Amino acid sequence: MRAKETRLPENISASEFDRTFLPHMDAAYNLARWLMRNDQDAQDVVQEAFLRAFRFAGGFRGGDAKAWLLAIVRNAAFTWMKRNRGDNSPVEFDESFHVEEFTESGLEADALKKADRAMVQSALEDLAVEFREVLVMRDIEGLSYKEIAQVADLPIGTVMSRLARARGRLARLIKKRIGKES
């Protein structure tokens, strides 16, 4: 269910902030966890993101509170990674280098159906951050392409192509893992 569009006053109260943004804490943690690949770091990022959100909540001009908060979480995660891990920012996408063919045959579809949760999580961990983040926002958090474009500050076409490539890579990673288990 989508959050009701809300515009907060410049002098927001803690209860107004809680009512607007706390329902999205799980989504914030999920995105941070998948970006950071570490529970403790994700908790730190979510805490920082909520502090930033509270500090700048008066600047929230309506729209989807979840998308606004996830944009802050994403920015906080990349800031944290840059400060603590060196420059791990997403690389510029080079179509000629990254594009791989993917067709979903009957065997591939069957392989995906057999994948268990741990295998999917492990494969998702192996994706590059720019692919992992769009998958998490779309397939786990249910954001629309438009919302993802706003959160990630990307053109909607880039979101759609990145999502397609991410799903293809995820399927291939899972297929490889299933092959290794056989």
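This is a predicted model: local features need pLDDT of at least 70, side-chain atom pairs count only at pLDDT 80 or more; totals for chains, interfaces and linings use all residues.
Helix α4 gives the most to the lining of the second largest cavity, contributing four residues.

- The structure holds two cavities of 30 Å³ or more, and the second largest cavity has a volume of about 30 Å³.
- Its lining is made up of Glu48, Arg52, Ala76, Thr79, Trp80 and Arg83, and the elements that give two or more residues to this lining are α3 (39-55) and α4 (65-85).

**Aromatic pairs**

- The count of aromatic pairs comes to six, and one of them joins Phe17 and Phe54 edge-to-face, at 5.1 Å centre to centre and with 85° between the planes.
- Because Phe17 lies in helix α1 (residues 14-21) and Phe54 in helix α3, this pair ties together parts that are 37 residues apart in sequence.
- Phe17 counts as buried at 5% relative accessibility, whereas Phe54, with a relative accessible area of 37%, is partly exposed.
- Phe21 and Phe60 also form an edge-to-face pair, with 5.6 Å centre to centre and 70° between the planes.
- Phe21 belongs to helix α1 and Phe60 to the loop between α3 and α4, so the pair ties together parts that are 39 residues apart in sequence.
- Phe21 is buried, with a relative accessible area of 0%, and Phe60 is buried as well, at 1%.
- Ring pairs link Phe17, Phe21, Phe50, Phe54, Phe60 and Trp68 into a cluster.

How values were computed. Residues are numbered from 1 along each chain as its sequence is written. Side-chain values use heavy atoms; hydrogens and water are left out. On a 1 Å grid over the protein atoms alone, a cavity is a set of points where a 1.4 Å probe fits but cannot get out, and a pocket is an open set with protein on both sides within 12 Å along at least five of seven lines; lining residues have an atom within 4 Å of a point. Grid points are joined across faces, edges and corners, and a volume is the space filled by probe spheres set on the points. Rings of Phe, Tyr and Trp (its six-membered ring) pair if their centres lie within 6.5 Å; planes under 30 degrees apart count as stacked, over 60 as edge-to-face and the rest as tilted. Buried means under 20% relative accessible area, exposed over 50%, partly exposed in between (1.4 Å probe, protein chains only).
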